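Trainee: Could you walk me through how to read a structure like the one below? I would like to go feature by feature.

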Amino acid sequence: MSDIKKIRDEYLIKLDNNLDTESVNQIKTQLFGKNGQISNSFKTLGSLPNDERKKFASDLNSIKDELQEKINTKLQEIEIKEINSKLENEKLDVTLPEREINQGKIHPVSQVIDEISSIFSEIGFSVEEGPDVENEHYNFTALNTPDNHPARDMHDTFYLDNNKEILLRTHTSPVQVRTMLNGKPPFKIIAPGRTYRSDSDQTHSPMFHQVEGLHIDKDINMGHLKGCLNYFIKSFFEIDKIKMRFRPSHFPFTEPSAEVDIGYELKDGKIVIGEGDKWLEILGCGMVHPNVLKNVNVNPHKYQGYAFGIGIDRLGMLKYGINDLRAFFETDYRWLNHFGFDPLDVPSNYRGLSR
Amino acid sequence: MKFTLSWLKEHLETKHKDSQIINKLTGVGLEVESFENISSDLDNFKVAKIINAEQHPNADRLRVCDVDIGQQNIVKVVCGAPNAKKGLLTVYAGPGSVIPKNNMKLTVSKIRGVTSYGMLCSESELKLSDESEGITELKPNKYSDKIGKNFFNNNTEKVVDLSITPNRPDCLGVRGIARDLAAAGAGKLKSISHKNIKKNGSQNIKVSITKDKNQGCTIFGSCLIKGVTNKESPKWLKEKMESLGQKPISAIVDITNYVMLDLNRPLHAYDADKIDKEIIVRNSKKGETFEALDNKEYKLEDGMCVISDQSGVLGLGGVIGGTRSGTEFKTKNILLESAYFIPRSIRKTSKLLNIDTDAKFRFERGIDPHSIEIGLLKASQLIEEICGGKISKFDIQKMKQYKNSEIKFNISLFEKITGFKVKENEIIKILNDLGFKVSKKKSVLNLKIPSWRPDISQPIDIVEEVVRIKGYENIETIEPEKNRLKDTLNKQQKLFHFLQRSVASKGYLETVTWSFTDSRINNFFKENLKEIKIVNPISSDLDVLRNSIFSNLAFYLKKNLDRGFKDISLFEIGPIFKNNQPGEQLTVIGAIKSGKISRLNWNEKDRPVDIFDVKKDLIQTLIEAGYDKRNFFIRDKSPTYYHPGKSGSVYLDKDDIDPVAYFGELHPNIVKKLDIKTEGIVCFEIYLEYLKDNKIKLKDQKSNFEYSDYQKSERDFAFIVDKNYKAQDLIEIISSIDKNLIRSIKIFDIYEGENIPDGKKSIALNVTIQSSEKTLEENDLEKINKLIISTVETKSGAKIRS
């Protein structure tokens, strides 16, 4: 008994030394090899008297387990140590740049259209579209703007034929006409899209974007119009305190007509929307003219409602501080990168319009 | 429409402050464009004399002038005007002045090396006239003792500029504006007082209006004023004209202009002695010509309304007069015209001849047909006062009687439209103030519309009158209801938004370009579509509607490459046009990619972009949009603007007739012609209209979840096939051998060259085999192996590579 205890103590001390795998394996052989000390001790079992044998066997087994455990632990320790020292040599310069990601972007006009759609969706509008190429009837005549009406001068029209019958739509209002002709009231739609006028300077571009709004039902009045636009403007600019002014104006297809100004001030040469003492015109609107309703087979004695038209690009310029309208359409890589939006930044009601 | 506040107050008795009047104007729908005190800015403009003018040492067309600006101050001014000569009296603007024409602020500046202190101004720069050839020339007799004095009279007139909407011709006269203000409670409209004038004798130049078809003139009123002395206008009248930026011409012309601006009643004065016997108002004949007061010769078409005499055309009625019968300072006898011309006729004529005048602007919007006499009265009275002469009786020829139209207005309509109530007697008062004659039957008003309001014809117009005078601020704000009639977006619109963001998420910058393009570039891409010309393009390089999205993308890609960018990914989603009728357009995504992948990258080797980059983006976009890749089919047909060997089309299903998308390398010839310089240029396009409605509901899109835990095996094969043999076909053959066992097929090598016969290639693929019922034994695998080899060899003519 004392022999094996001595072996145990001796080897436990040995194994506490700083050893490498090889030395541990040697110890393992010295103990458990064919002629190992523990192996040999087991061989003596048979020669022991019965009463001693049981006790000795039990002691020997527990010493064996203890030593084996110690050896395994030691081997694992060494392995981990070796791996760790190997890893020390694998150190990378983690400040090197990551693999490149091409960051795509959504154009501000698209982003603003999504924002607008999201806001009007909340108050029950659906989105309609119409063709970019229109005929003179849908673009003007059906909208109570007959030929020889001076209001036509306000639209510098691109024509596709010499008879001036086919043109590029000068506003999104023809979508009103198409929508009403193709359906039955009530109507509650917005129609964003491209519009065209032969005009080009810093604030005009031959192509731009508008969103048309139309709400026709039995009792929709100017109060609803005011409420709707008030709601839209506040939601869009994401400010609660914003001054709005409705003032009388004239469009052939609405009566009464109004233009809407919002308050702003100039701070360091930049326009700040809100409560300033200056006014900025942002949209035109009014009650749909009975003549227009008649033209699309809606009974103006039964149905009435409002329409509005807003310049999308201009809204985007105001909200995101973009100065030059023409830059929207010039595909300058730097501009697109600077003013574009992350494709995952989808405007929505529940998540908020902008990040 | 410009006017001064003092002029307004000739018609409006008011205690309102200027700022209140300005706010009221905007409030009733007469939008104030600007309101400024004109004197302060104009004090900087001095009468000056050029005392010496020398050639500029560095510029042929410039002169360096010594200018006497009074009080013994001589300044050097560089001037480019040909008439800048020694001794000339002119108008000098010092540094700090703001030039009225362009609002440019002057500073001391060096012009071609010579310092110039201020500027000598042309009449156009001072907004006195359109004269821009040379600097203003002042008459010595009047100005030689005024050197150094303010050129503009030092009045403190405040000028208002209104933007008048086309429906309100009545507000193109100061009185109309005053009437609106009075109705809105900003004062009281003064009544017009007339002195009696003595009328001597009859108007003995015969006037006739012919009964031509579509005769544009329906009333022609006139009177003769004999023995006048035309001269410069008196101070008050000159100042009135100048304060509005109009150049005084002569008393007679200024008076007619004054009456026009005051009452919105255009008039015309003829030198009666230049009229050949009689006035005939008739339609023009094609080819007739006349010289107009703008010194241009006009050639007329058939059917334009002209005022003529026996010798020919004197002027275009309501548009512009002619030089032949124009008044001069020596004019002794004048014929004054006050007529009514039909708006449609005026508009047609002026559009055809491209003439825009103050008279035309007013007549085309509609002049009060009842203002003929008041116009003659007011003007002839002023002429008599200023120029003397004897006024004849008025001669008024009428083809038509104009009666005030009447409408019935049910008061309840007001609240129905505006959402708020105004008391009946208040409505009546407003309408009375605006000039309506009102009588009442129960809740219905009988309204006689004032003759100066051609815009009013139905009850809704009355609602607008009352609500704008009452003020839009009285309209209540009704919170919007949140009920929805139908889905916000339909399927196609959802797809649009989804694809847009899907493509962007693959590293492409979205752009928005014109719907029109340069026909020369469009020709590369239009295929067999019709070219759609714009009749009046904004510029000659934007002359057609785009038949393809790539003309603009390629153009702008080049621009960005020229800016020094190399690796560019752009896309646009928008319309292309098949023909010039409404609706003949398609919505397309076009994407273009240039340069290299991994350029200047420390851990990856760079390579030019290739078609499998765009194919990956394209296929992944379609998958994300909900289409099943397993059904996709690729063909090598594509439009001619792609590289014929490196392009293809994608079908959602093998049996589909139309491809939904194309991808490939841009044709090298086009790249060359457009002078695009880059290592690689590839593109893809998706046609939204051809994408089938993915109608499966979300709950049905997910099939039952089935999986197998039995052992998978992988086997590699290499087949030698014809060089043109398609990998897609090989995959199709193998996968259809046993859809249950063959789980995936991956192509891991394509090889041509050594050990492969000419005209052949080797395709190496890895096939994953797994059963859902059991672990496959070696002989099962061997069986399927053999089956794969034999089927491929029979169906494709391929040989297994040993």
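Mentor: Gladly; we will take a sheet, some helices, the contact between chains and two single residues. Keep in mind that this is a predicted model.

Trainee: Let's start with the sheet. In what order do the four strands of the open sheet in chain B lie?

Mentor: The general idea comes first: strands of a sheet pair through backbone hydrogen bonds, either parallel or antiparallel. Here the order is E41-E42-E40-E43 in chain B, and the pairing is antiparallel. The edges are E41 (742–751) and E43 (799–800) of chain B, each of which pairs on one side only.

Trainee: How many bridges join E41(B) to E42(B)?

Mentor: There are eight, between antiparallel strands, with E42(B) covering residues 760–769. To find one of them in your viewer, look at Ser744(B), whose bridge partner in E42(B) is Thr768(B).

Trainee: Which helices go with this sheet?

Mentor: Helix H20 of chain B, residues 727–735, lies across E40, E41 and E42 of chain B, and runs at about 150 degrees to E41(B). Helix H21 of chain B, residues 778–796, also packs on the sheet, where it touches E40, E42 and E43 of chain B. The direction of H21(B) makes about 15 degrees with that of E40(B).

Trainee: Now a single residue from that sheet. Is Glu714(B) buried or exposed?

Mentor: For this you count neighbouring C-beta atoms. Glu714(B) is exposed, because 12 other C-beta atoms lie within 10 Å and a residue with 12 or fewer counts as exposed. Glu714(B) sits in strand E40 of chain B, residues 713–722. Leaving out residues up to four places away in sequence, Glu714(B) touches Asn766(B), Val767(B) and Thr768(B).

Trainee: How many residues of each chain are in contact across the interface?

Mentor: In chain A there are 70, in contact with 78 residues of chain B. Elements giving two or more residues to the chain A side include H5, E4 (187–196) and E7 (254–267) of chain A. The largest share, eight residues, comes from H8(A). By type, that side divides into 32 nonpolar, 26 polar and twelve charged residues.

Trainee: What about helix geometry: how do I check the span of H14(B)?

Mentor: H14(B) has 14 residues, 491–504, which at 1.5 Å a residue should span 20 Å; the end C-alpha atoms are 20 Å apart, so the two agree. Among the buried residues of H14(B) are Leu495(B), Phe496(B) and Leu499(B). The buried residues of H14(B) pack against several elements, including H5 (108–122) of chain A and H17 (611–624) of chain B.

How values were computed:
Residues are numbered from 1 along each chain as its sequence is written. Chains are lettered from A and ligands numbered from 1 in the order in which they are written. This is a predicted model: local features need pLDDT of at least 70, side-chain atom pairs count only at pLDDT 80 or more; totals for chains, interfaces and linings use all residues. A residue is buried if 20 or more other C-beta atoms lie within 10 Å of its own, exposed if 12 or fewer, and partly exposed in between; C-beta atoms are placed from the backbone. Two residues are in contact if their C-beta atoms, placed from the backbone, lie within 7 Å. Two strands pair if DSSP finds at least two bridges between them. Axes are lines fitted to C-alpha atoms, for helices over the stretch in contact, and angles run from 0 to 180 degrees between N-to-C directions. The expected span of a helix is 1.5 Å times one less than its number of residues. Ala, Val, Leu, Ile, Met, Phe, Trp, Tyr, Cys and Pro count as nonpolar, Asp, Glu, Lys and Arg as charged, and the others, Gly among them, as polar.
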